[in-house]
Amino acid sequence: MVRLFVAIDIPDNIKTYIQGMARAIPKARSVPPDQLHLTLKFIGEVESSLLLDIRDALGRINTPRFSLQLKGVGTFPPRGIPRVLWVGTKTMENKDHLFDLRKQIDKALFAAGITKEKKKFSPHITLARLNNSPIKALQNFLAGNALLESPWFEVTSFTLYSSQLTPKGAIHTVEERYRLR
Ligand code: 2AM
């Protein structure tokens, strides 16, 4: 079995705007800078024999590149105990290429035997996972970073990753990178 997900990589110069941000929050486990990404689709555990079909299906996607900006911060779930601290995104074009890319990926993967996502797509970059962090510290963080905006950057590719869960955390490996048009 192999655990897979599809994501947009964040350029190093853009990561500098967000990495280490959650350090001030007690009981927050920051995502290592080299693992900061925007998940387009979490595939989960699949038979290794499916990997070739998945790679082929993703290779047939033909959608245009687009501009993205990191903007604002928030927590998941929206109600209840916050578990995930995230940075939001904004797209430049009227036609939302980010949502279109996500739709195309879901469609391509469905053809390869992967179930379609039922949950609404909420684009975000997970900054840290929270384990009962004090609400006051979270509120201060959210208020202090509400106006966060990175420079615009061009999304020119998306990536199929495999993820190995280890006691020391996840190890993400690039399986294939796909250029956008
Ligand atoms: P995230 O983007 O909200 O952090 C690799 O594990 C990526 O897949 C993570 O970035 C994570 O979400 C997402 N992911 C992990 N487990 C998931 C699950 N059960 N359902 C949806 N997405 C998941």
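This is a predicted model: local features need pLDDT of at least 70, side-chain atom pairs count only at pLDDT 80 or more; totals for chains, interfaces and linings use all residues.
**Overall fold**

The chain contains 4 helices and 9 strands. Read from the N terminus, these elements follow the order β-α-β-β-α-β-β-α-β-α-β-β-β. The radius of gyration is 17 Å, close to the 16 Å that the globule rule gives for 181 residues, so the chain is as compact as a globular protein of that length. Along the principal axes, the C-alpha trace extends over about 45 × 40 × 30 Å. Of the contacts with a separation of 6 or more, 76% are between residues 24 or more positions apart.

**Burial, surface and charge**

Buried residues account for 45% of the 181 residues. The accessible surface of the chain is about 10200 Å², and carbon and sulfur atoms contribute 52% of that area. The side chains include 27 positive and 16 negative ones, and the centres of these two sets are 8 Å apart.

**Backbone geometry**

Most residues other than glycine have a negative phi, and most peptide bonds are trans. A cis peptide bond links Phe76 and Pro77, with omega about -10 degrees. Pro77 lies in the loop between β4 (66–76) and β5 (84–91). Two residues other than glycine with positive phi are listed below.

| Residue | Phi | Loop | Relative accessible area |
|---|---|---|---|
| Asn132 | about 60 degrees | between β6 (125–130) and α4 (135–144) | 46% |

Definitions and conventions. Residues are numbered from 1 along each chain as its sequence is written. Side-chain values use heavy atoms; hydrogens and water are left out. Helices (H or I, at least four residues) and strands (E, at least two) are DSSP runs, numbered from the N terminus. The radius of gyration is taken over C-alpha atoms; the globule rule is 2.2 Å times the number of residues to the power 0.38. Buried means under 20% relative accessible area, exposed over 50%, partly exposed in between (1.4 Å probe, protein chains only). Contact means heavy atoms within 4.5 Å. Accessible areas come from the Shrake-Rupley method with a 1.4 Å probe; for residues, only the protein chains shown count as cover. Lys and Arg count as positive and Asp and Glu as negative; His and the chain ends are not counted. The place of a charge is taken as NZ of Lys, CZ of Arg, CG of Asp or CD of Glu.
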